[in-house]
Amino acid sequence: MAWLYLIAAGVAEIGFTTALRYAEGFTKLWPSLAFAFFVTLSFTLFDKAAQTIPMGTAYAVWCGIGVVGTVMLGVVAFGEPMNFWRLFFIAALVASITGLKVVSG
């Protein structure tokens with residue numbers, strides 16, 4: 001169950017980084033409220049996951065999900081560029097996160 005909390009926390013991180021893009025320095029009400037909701041949800045779920053999963057592993061996975069998800073959302077929704085090197089380093093990050101999960105038991 002802890003891994004499900006951690007995955008959900010990572011997805012919520014994608015939510016708060018995306019809301020932050022639209023909040024414009026927290027001058028826009030709805031994106032700012034969405035940011036507050038998603039950041040609270042993300043940290044709450046991360047806290048629940050980190051009670052069982054080793055902290056270093058949990059943090060790396062949480063950040064990795066957020067980074068990969070945010071980069072992919074940027075490419076798909078915001079037209080950010082995707083080239084060989086970006087794809088290579090995202091794949092390296094996913095491989096590292098997978099490795100941490102495998103060795104953490």
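E13 is buried yet has no salt bridge, and the nearest side chain of opposite charge, R86, is 14 Å away. Buried here means under 20% relative accessible area, exposed means over 50%, and partly exposed lies in between (1.4 Å probe, protein chains only). A salt bridge is a side-chain nitrogen of Lys or Arg within 4 Å of a carboxyl oxygen of Asp or Glu. For charges, Lys and Arg count as positive and Asp and Glu as negative, while His and the chain ends are not counted.

Before going on, a word about the model. It is predicted, so local features need pLDDT of at least 70 and side-chain atom pairs count only at pLDDT 80 or more, whereas totals for chains, interfaces and linings use all residues. Residues are numbered from 1 along each chain as its sequence is written, and side-chain values use heavy atoms, with hydrogens and water left out.

### The overall picture

The chain holds four helices and zero strands, and along the sequence its pattern reads α-α-α-α. Helices (H or I, at least four residues) and strands (E, at least two) are DSSP runs, numbered from the N terminus. Taken along the principal axes, the C-alpha atoms fill a box of roughly 45 × 35 × 15 Å.

Of the 105 residues, 32% count as buried. The chain exposes about 6,400 Å², and carbon and sulfur atoms supply 74% of that area. Accessible areas come from the Shrake-Rupley method with a 1.4 Å probe, and for residues only the protein chains shown count as cover. Among contacts with a separation of 6 or more, residues 24 or more positions apart account for 64%; a contact means heavy atoms within 4.5 Å.

### Around E13 and G66

Let us return to E13, which lies in helix α1. Which residues does E13 contact, leaving aside its neighbours within four places in sequence? They are S42, W62, C63 and G66.

G66 belongs to helix α3 and is buried, at 2% relative accessibility. With neighbours within four places in sequence set aside, G66 is in contact with G10, E13 and I14. G66 and T17 are 49 residues apart in sequence, and their C-alpha atoms are 8.3 Å apart in space.

### Salt bridges

How many salt bridges are there by this rule? The count comes to three, and the table lists them.

| Positive residue | Negative residue | Distance, N to O |
| R21 | E80 | 3.6 Å |
| K28 | E24 | 4.0 Å |
| R86 | E80 | 4.0 Å |

Salt bridges that share partners join R21, E80 and R86 into one network. What does the bridge between R21 and E80 tie together? R21 lies in helix α1 and E80 in the loop between α3 (55–78) and α4 (84–103), so this pair links parts that are 59 residues apart in sequence.

How open are the members of this network? R21 is partly exposed, with a relative accessible area of 45%. E80 is partly exposed too, with a value of 29%, and R86 counts as partly exposed at 27%.

In the remaining pair, K28 is partly exposed, with a relative accessible area of 38%, while E24 counts as exposed at 51%.

Looking at charge over the whole chain, the mean positions of the 5 positive and 4 negative charges are 5 Å apart.

### The loop between α1 and α2

E24 is found in the loop between α1 and α2 (29–50). Although E24 is not a glycine, it has a positive phi of about 50 degrees. F26 has its place in the loop between α1 and α2 as well. Again without being a glycine, F26 has a positive phi of about 60 degrees, and F26 counts as partly exposed at 48% relative accessibility.

### A nonpolar patch

Which residues form a nonpolar patch on the surface? M1, L4, I7 and V11 do, with about 430 Å² of accessible area together. Patches are made of residues with over 30% relative accessible area and no salt bridge: like charges are joined within 9 Å, and nonpolar side chains (Val, Leu, Ile, Met, Phe, Trp, Tyr) within 5 Å.

Technical notes. Charge placed at Lys NZ, Arg CZ, Asp CG, Glu CD.
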